[in-house]
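Please keep the sequence and the coordinates at hand while reading.

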Amino acid sequence: MIYSYLTGLIEQATSAEMIEYADKVYARNQIMRLLHLESFPNESVPVKDIPIPNLLDKLIDYAIEHDIIRDILSEKEILAANIMNCLVARPSAVNEVFYKKFNQSPVKATDYFYALSRNSNYIQMNRIAKNISYKTETPYGTMDITINLSKPEKDPEQIKLEREKSKDITYPKCLLCVENEGYTGRIDHPARANHRMIRVPLADEMWFFQYSPYVYYNEHSILLSEQHRNMKIDKRTFARLLAFTEKFPHYFIGSNADLPIVGGSILSHDHYQAGRYEFAMTNAKEAFSFSWKQYPQLHCAVLHWPLSVIRLKGKHTSDLVHAADEVLAVWKSYSDETADIIAFTEQTPHNTITPIARKRNGVYELDLVLRNNRTTEQYPQGIFHPHADVHHIKKENIGLIEVMGLAVLPARLKQELADIESYLLGEHQQVAAYHRDWAEKLKKQYPDVGSSEETQQIVRKEVGNKFVRILQDAGVFKDNSSFKRFIHVLC
């Protein structure tokens, strides 16, 4: 069957326009080398109706059975990426096709690149399909909930080999460096042989556009700096984000904050996240609007949202850039002890911004989410961070994706929430200790649940309510009156 699987993979890659008909023999020979196959039967019949990721799994199984690789995560991923690399054009060719399509339409360009990233198995669609995702209604709109099950578990042998691996290798410097493009990978660094990036000039710099291997929303993408440098929110950030929306008006783009606790997981490499998706925050209503004499051409408002968000709207990006820079400058030095907001502890800054840009109906929008990372004895993980009473659902940092209304929750909740559903139905009493108080409250609140389907809907709804609470914890202004004090200082 190995020949049929390989022939099927070649046929599907050709149908998906990853390779040309004239490339088929060459690509097959390259993959044969990786699988230690020295000949190929002419009468090989391709298997039908098996998607590329599943065919790839069959080839990996063959390699394990024939001792070509060991049955450990890194070796399987390296071989899989190398096989798919035989079916993906070089970066220069990918960029050439992308920009030919871009000249017709930015949508055609991203459609092409997104399909390529999926078909090449760089985007791990089979693993992503394992995630539990649903929507839930809240007072702030329809929130997205995802229990993240896509990250593969490391087996003991993998963990052992990683510990034994020399830590002297610093290439690539991080997971977001441009040197990852085409990198074979190693025991402690993911395989990227099938990885491609699009070169995107922005504000006199070269940036690199790619999709996330584990997409959390439609066309979840990353724009990363050519230079390995720390995350930085400043005037140039706003200019780049808006310049990106000029090039790709069908995408939003945003940045994590540039300080620990309120920032993303990788603060050591300047990067943004983009995509073709409308989050709950995108359609949030205005809590109140305000006039800014210096910028009469802009519509300025504070959003009805659990976090503290200023939305600026205008037809000219330069106006938005200057106004956002002023918001940042005022916010970085702003303190309000009645709201627990202190800008500095000695020389250590605490205030920063999570910005999000989009273009809608010909008008540019820039959302500025005010963040503060100060800690105290009472809140050692952050005053404006999920508090201890919601840690049983999520205790990690609230980054850009969560800010916009998509909860990325830990894998442990799959079983733990199922246990709570069974508990509410009276089927058993096994609930994790840190969920016990919440489960008891739910049982009192919903004493007459009748079916497993109804119970699941209740638990999912209540997880959504917890997520709202988590976002409220991260909001620096807990009411409009304290927010208006800041607006008064700003304007």
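The sections below treat the basis of the model, its sheet, a strand pair, a helix pair and its aromatic contacts.

## Basis of the report

The model is predicted, and local features need pLDDT of at least 70, side-chain atom pairs count only at pLDDT 80 or more, and totals for chains, interfaces and linings use all residues. Residues are numbered from 1 along each chain as its sequence is written, and side-chain values use heavy atoms, with hydrogens and water left out.

## The open sheet

Ten strands form an open sheet with antiparallel pairing, in the order E3-E4-E5-E7-E6-E13-E14-E10-E9-E8. Helices (H or I, at least four residues) and strands (E, at least two) are DSSP runs numbered from the N terminus, and two strands pair if DSSP finds at least two bridges between them. Strand E3 (198-202) and strand E8 (286-290) each have a single partner strand, so one side of each has no neighbour in the sheet. On average, neighbouring strands are turned by 25° against each other, direction ignored. Axes are lines fitted to C-alpha atoms, for helices over the stretch in contact, and angles run from 0 to 180 degrees between N-to-C directions.

Within this sheet, strand E6 (residues 252-254) and strand E13 (residues 351-360) run antiparallel and are joined by two bridges. Isoleucine 253 stands opposite alanine 357 in E13. Helix H9 (residues 235-247) packs on the sheet, and its direction makes about 20° with that of E13. Threonine 352 also belongs to strand E13. This threonine 352 is buried, with a relative accessible area of 3%; buried means under 20% relative accessible area, exposed over 50%, and partly exposed in between (1.4 Å probe, protein chains only). Residues touched by threonine 352 include Ile233, Val262, Trp331 and Val369, not counting residues up to four places away in sequence, where contact means heavy atoms within 4.5 Å.

## A parallel strand pair

Strand E2 (residues 141-147) pairs with E15 in the parallel sense over four bridges. Leucine 409 in E15 is the bridge partner of isoleucine 147. Strand E15 (residues 406-409) is covered on both faces: Leu406 and Val408 on one side, and Ala407 and Leu409 on the other, are all buried.

## A helix pair

The axes of helix H1 (residues 2-15) and helix H3 (residues 52-65) come within 10 Å and cross at roughly 145°. Residues making the contact include Tyr5 and Leu9 of H1 and Leu55 and Tyr62 of H3.

## Aromatic contacts

Rings of Phe, Tyr and Trp (its six-membered ring) pair if their centres lie within 6.5 Å, with planes under 30 degrees apart counted as stacked, over 60 as edge-to-face and the rest as tilted. By this rule there are 32 aromatic pairs. Tryptophan 331 and phenylalanine 477 form an edge-to-face pair, because their ring centres are 5.9 Å apart and their planes stand at 65°. These two residues are 146 residues apart, with tryptophan 331 in helix H10 (residues 317-332) and phenylalanine 477 in the loop between helix H14 (452-474) and helix H15 (480-490). Tryptophan 331 is buried at 0% relative accessibility, and phenylalanine 477 is buried at 6%.

Tyrosine 334 and phenylalanine 486 are also edge-to-face, at 4.9 Å centre to centre and 80° between the planes. Both tyrosine 334 and phenylalanine 486 are buried.
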